[in-house]
Amino acid sequence: MITTIKNNSLVDFENELCTILNTHSNEIEKAKKIISFIEETLKQISSWLKNHVFDSIQDEIIFFKEIKPNIVAKLIFYKEVLLLIATQPIDKNKKVKYFEKRLNAINQFHRKNREFIKYIKSQSIHFDELYFTRKKYKDLFLNDCVVINQDAKLSTSHDYLLAEVIAYELLAIYIENCIDNLNKSCAIANTNFNSNLHWTAKKIDLIELIYALHQAKVFDNGQADIKEITHVFEKAFQIDLGDNITRSFIDIKNRKTEPTRFLNQLQAELENKIEKDSY
């Protein structure tokens, strides 16, 4: 497996992960096995990197932008999963709030690193040599201070940050699914609700509206869960918003211009209506 990783391929690594996932049904045992496996893999990679010279800058960029971050991301993800499982409350309602608190922390991380995430999501490459090669910089103030504490032969200035971005997106999906499973037993799931209304605008527009209402705390004095609100809108307007609205919200946050596009449109339409009715 380590040979394929050296050759910028993750095929064997992903196959080994799948084997572990299919072998163990217990979530804690599964996470522990995967963490041990990845840590051993990273030890081998570290030993190799200390003496390795890449054939080209592009090969080095590929390794530190596409290979290593995806391996480290899985380590971060499964450590977070293990922590979530081990420390979650017993009470169902407290569990939901516990998971939501972690989602809020992920959202804060995305806000803090918005520009870098835009760079990655837009598939930009103009800073790749700066971010993903092991150059020695004369001016350390230009880089994140974490660089000083890393072995320059093993890391670049941004490969770990990219791993965190990947890991937290996976974690957001995982947490959303946990919340969804917890809410399946809610009364809203069994409520008979008939409506002839259909949402005919874009799904992303409705998700933008739902998040705005949730953030404004207009339901149950701010105690309503985002997933529960979503279920209500899905039933009311006969639309399926998918299993993971968090990913859609991340897309909204990463818009280069006008993040609240739909809300701005609603405001403009209402103001136009008020102005016309004033005459």
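## Aromatic pairs

Two rings of Phe, Tyr or Trp (its six-membered ring) count as a pair if their centres lie within 6.5 Å. By this rule, the count in this predicted model comes to 19 aromatic pairs.

One of them joins Trp 48 and Phe 63, with 5.4 Å from centre to centre and 65° between the planes, an edge-to-face arrangement. Trp 48 belongs to helix H3 (residues 27-49) and Phe 63 to helix H4 (residues 57-87), so this pair ties together parts that are 15 residues apart in sequence. Both Trp 48 and Phe 63 are buried.

## A link across the chain

Now look at Phe 109 and Tyr 168. Their ring centres are 4.8 Å apart and their planes stand at 80°, so this pair is edge-to-face. The pair links distant parts of the chain, 59 residues apart: Phe 109 sits in helix H5 (residues 92-112) and Tyr 168 in helix H8 (residues 159-183). Phe 109 is buried, and Tyr 168 is buried too.

## Where H8 meets H10

How do two packed helices get described? By the angle and the distance between their axes. For H8 and helix H10 (residues 226-237), the axes come within 9 Å and cross at roughly 65°, which means H8 is roughly perpendicular to H10. The crossing of H8 past H10 is right-handed.

On the H8 side, Glu 176, Ile 179, Asp 180 and Asn 183 take part; they meet Lys 227, Glu 228 and His 231 of H10. The residues of this contact comprise four charged, two polar and one nonpolar.

Technical notes. Residues numbered from 1 in each chain as written. Predicted model: local features only at pLDDT ≥ 70, side-chain atom pairs only at ≥ 80, totals over all residues. Heavy atoms only, no water. Phe/Tyr/Trp six-rings, centres within 6.5 Å; stacked < 30°, edge-to-face > 60°. Helix = DSSP H or I, 4+ residues; strand = E, 2+ residues; numbered from the N terminus. Buried < 20%, exposed > 50% of the residue type's maximum accessible area, 1.4 Å probe, protein only. Axes fitted to C-alpha atoms, helices over the stretch in contact; angles between N-to-C directions. Parallel < 35°, antiparallel > 145°, perpendicular 65-115°, else oblique. Left-handed = near helix turned anticlockwise from the far one by under 90°. Contact = heavy atoms within 4.5 Å. Nonpolar A, V, L, I, M, F, W, Y, C, P; charged D, E, K, R; others polar.
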